[in-house]
Amino acid sequence: MKNRIESYENLVDALEALPSIGKKSAQRMAYHMLMEDHFAAMKIAHAIEKAVQSVQRCERCGAMSEDELCPVCADMSRDHTKLCIVEHAKDILQIESGGDYDGTYFVIESVDHLDSGKLIDRVEEGVEEVIFAFTPGIATDTMILFIEEKLKDYDLVFTKIAQGVPTGVSLENIDMLSLSRALQDRVKI
């Protein structure tokens, strides 16, 4: 007969289903929550429950929000002539953490889920520049071309974020696409 603790195993399975959590990490976290820190476990459970109930997609851009409009869309001081298109709502959090971008956003999970009517409505609100902030790749290049085609009747400047070699990473650890783009998009010093 196998020694099984079903509640523990269910918790391990649930944690392991999260991105970047392997079996051993899930086991360590489950053990910690169940045997070493019940308070932390309950705090996590409450935070998850509250977030699941209150976080939704922004009606305007698709970002994460607790209201109909996310804080960026609700902020009238943002530069509404710049529209940064991202693949995922979490990408907005990353860009915003840098504090350098003052424009607005539009989330596209994939070409299949592109609401081109909503995107065109956003462009018609005075957008002058569309910035693509996608992970480099052939699929995203295709998505950029698709969106540019949808917006070809508008007087827009299309740009994309710079790509290339990250700071502190040796060339031997850079994929060929990134290295090639870094060479093509080199800047004068």
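Modeller: Let us begin with Ala 26, which counts as buried because its relative accessibility is 0%; buried means under 20% relative accessible area, exposed over 50%, and partly exposed in between, with a 1.4 Å probe and protein chains only. This is a predicted model, in which local features need pLDDT of at least 70 and side-chain atom pairs count only at pLDDT 80 or more, while totals for chains, interfaces and linings use all residues. Residues are numbered from 1 along each chain as its sequence is written, and side-chain values use heavy atoms, with hydrogens and water left out.

Colleague: Where does Ala 26 lie?

Modeller: Ala 26 lies in helix α2. Helices (H or I, at least four residues) and strands (E, at least two) are DSSP runs, numbered from the N terminus.

Colleague: And which residues is Ala 26 in contact with, leaving aside neighbours within four places in sequence?

Modeller: With those neighbours set aside, Ala 26 is in contact with Val 12, Leu 15, Glu 16 and Ile 21. Contact means heavy atoms within 4.5 Å.

Colleague: You mention Glu 16. Which residue does Glu 16 form a salt bridge with?

Modeller: The partner of Glu 16 is Lys 23, and the closest N and O atoms are 3.9 Å apart. A salt bridge here is a side-chain nitrogen of Lys or Arg within 4 Å of a carboxyl oxygen of Asp or Glu. Glu 16 counts as partly exposed because its relative accessibility is 30%, and Lys 23 is likewise partly exposed, with a relative accessible area of 41%.

Colleague: How many salt bridges does the count come to by this rule?

Modeller: The count comes to seven salt bridges. One of them joins the side chains of Arg 60 and Glu 125, at 2.2 Å from N to O. Arg 60 lies in the loop between β1 (56–57) and β2 (64–65) and Glu 125 in the loop between α6 (116–123) and β5 (129–133), so this pair ties together parts that are 65 residues apart in sequence. Glu 125 counts as partly exposed because its relative accessibility is 45%.

Colleague: What about Asp 102 and Lys 82?

Modeller: Their side chains also meet in a salt bridge, with 2.5 Å from N to O. Asp 102 lies in the loop between α5 and β4 (104–107), and Lys 82 in strand β3 (residues 82–86), so the pair ties together parts that are 20 residues apart in sequence. Asp 102 is partly exposed, with a relative accessible area of 37%.

Colleague: Which residues do salt bridges with shared partners join into one network?

Modeller: That network consists of Arg 60, Arg 122 and Glu 125.

Colleague: Back to α2, please. At what angle do α2 and helix α3 pack?

Modeller: The angle between α2 and helix α3 (residues 38–54) is about 115°, and their axes are 6 Å apart. Axes are lines fitted to C-alpha atoms, for helices over the stretch in contact, and angles run from 0 to 180 degrees between N-to-C directions. On the α2 side the contact is made by Met 33, Leu 34 and Glu 36, and on the α3 side by His 38, Ala 41 and Ile 44.

Colleague: What is that contact by class?

Modeller: The contact of α2 with α3 has four nonpolar residues, one polar and one charged. Ala, Val, Leu, Ile, Met, Phe, Trp, Tyr, Cys and Pro count as nonpolar, Asp, Glu, Lys and Arg as charged, and the others, Gly among them, as polar.

Colleague: Is Met 35 buried or exposed?

Modeller: Met 35 counts as exposed because its relative accessibility is 57%. Met 35 lies in helix α2 (residues 23–36).

Colleague: A new topic: what is phi of Ser 20?

Modeller: Phi of Ser 20 is near 65°, a positive value in a residue other than glycine. Most residues other than glycine have a negative phi. Ser 20 sits in the loop between α1 (6–16) and α2, and counts as exposed because its relative accessibility is 76%.
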